[in-house]
Amino acid sequence: MSVLLFRLPLPALFDFNLCLEYMQRSTLECLHQADAAGVTRLFVLEGSPVLIRVTAPDGDSMEVRLLHGRLPGVQEQKLLARYVTEWFDLDRDLAPFYTLAAADPLLGPLAVRFHGLRIVGIPDLFEALCWAILGQQVNLAFAYRLKQRLTAEYGKSLEWEGHTYYCFARPEDLLDVSVEELCTLQLTRSKARTILEVAALLARGELSREALLALPSPEAAEKELVAIRGIGPWTAQYVRMRCLRDPSSFPVGDVGLQNAVKVLTGMDKKPTPAELVQLSAGWRGWEAYATFYLWRTLY
């Protein structure tokens, strides 16, 4: 028997089903279980595993229910509500994006096809950075396998009704881990070093999502991130997009983005970053949503 924790009002221009379809794009995903009706995810609150189910049964509100674990307190429920809001980008007004998309020959059909799709975020900075680092210069399936191994080895898990649910590792969980240990999971030495450096910075309080968001601009946040060895522009822009919720982030070096544009425009080769910048002249301020919709055509 589940317990209703709270409801969140759904914004206009929101399609939960499209978000769930995106979340089901890979059977290798280990941090949530999505189906046609909702998504289930494990959280660890004050050291206790809490299994949460998110649905939108009436189309007007999102229900967040406790499936297993102790009942979260008021403050913990507020944190969960904030997480879910950022997970589905619920406080974003998409009307301006659809206005500019309607006038754009490339985005117009995508805005119709994916109408109501939100950027599904990664609100936890450590998880977002690790996912981006793991995805550097490898295909998506292998990146998922690396995340599975890292999560199973260092994260928390819960067995419930015949299924194992996982919660991503905390930075503190990797402080005594060596590069060599991470390499046994098939991470490159470079990726292992970067993940351990990020874990140490977060654990020491020298890096945080709150501090990045408090900077004067998203570009300033990107500058902070690329100062970390092993984090380049693509990784930083990905984190701006999925974690810092910056709608202007534009990872022009992304191969998936380049391939999507190549296919949709009929180009005989992938566009260069400069060509993508030129193509996106009308997307200003919404480059991240344009990218997310273009990515969505790939799977």
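Let me start with helix H11: H11 gives the second largest pocket the largest share of its lining, 3 residues. A quick word on the model. It is predicted, with local features needing pLDDT of at least 70 and side-chain atom pairs pLDDT 80 or more, while totals for chains, interfaces and linings use all residues. Residues are numbered from 1 along each chain as its sequence is written, and side-chain values use heavy atoms, with hydrogens and water left out.

Now the terms. On a 1 Å grid over the protein atoms alone, a pocket is an open set of points with protein on both sides within 12 Å along at least five of seven lines; a cavity is a set where a 1.4 Å probe fits but cannot get out; lining residues have an atom within 4 Å of a point. Helices are DSSP runs (H or I, at least four residues), as are strands (E, at least two), numbered from the N terminus.

Back to that second largest pocket. About 570 Å³ of space lies in it. It has 21 lining residues, and closest to its centre are Gly 135, Val 138, Leu 140, Trp 234 and Asp 254. H5, H6 (140-154), H11 (233-242) and H12 (255-265) each supply at least two lining residues.

H5 and H11 also pack against each other. Their axes are 9 Å apart, at an angle of about 140°. That makes H5 oblique to H11, because angles under 35 degrees count as roughly parallel, over 145 as roughly antiparallel, 65 to 115 as roughly perpendicular, and the rest as oblique. In the contact (heavy atoms within 4.5 Å), H5 uses Leu 125, Ala 128, Leu 129, Trp 131, Ala 132 and Ile 133. H11 answers with Trp 234, Thr 235, Tyr 238, Val 239 and Arg 242.

Next, the largest pocket. Its volume is about 1000 Å³. Of its 33 lining residues, Phe 43, Val 44, Leu 45, Tyr 83 and Asp 124 are the closest to the centre. Strand E3 (38-45), H2 (74-87), H5 (125-134) and H9 (209-213) each give two or more residues. H2 gives the largest share, 7 residues.

Last, the cavities. There are 2 of 30 Å³ or more. Arg 242 is one of its lining residues, along with others including Glu 86, Asp 89 and Tyr 289. H11 and H14 (287-296) each give that lining two or more residues.

Key. Grid points are joined across faces, edges and corners, and a volume is the space filled by probe spheres set on the points. Axes are lines fitted to C-alpha atoms, for helices over the stretch in contact, and angles run from 0 to 180 degrees between N-to-C directions.
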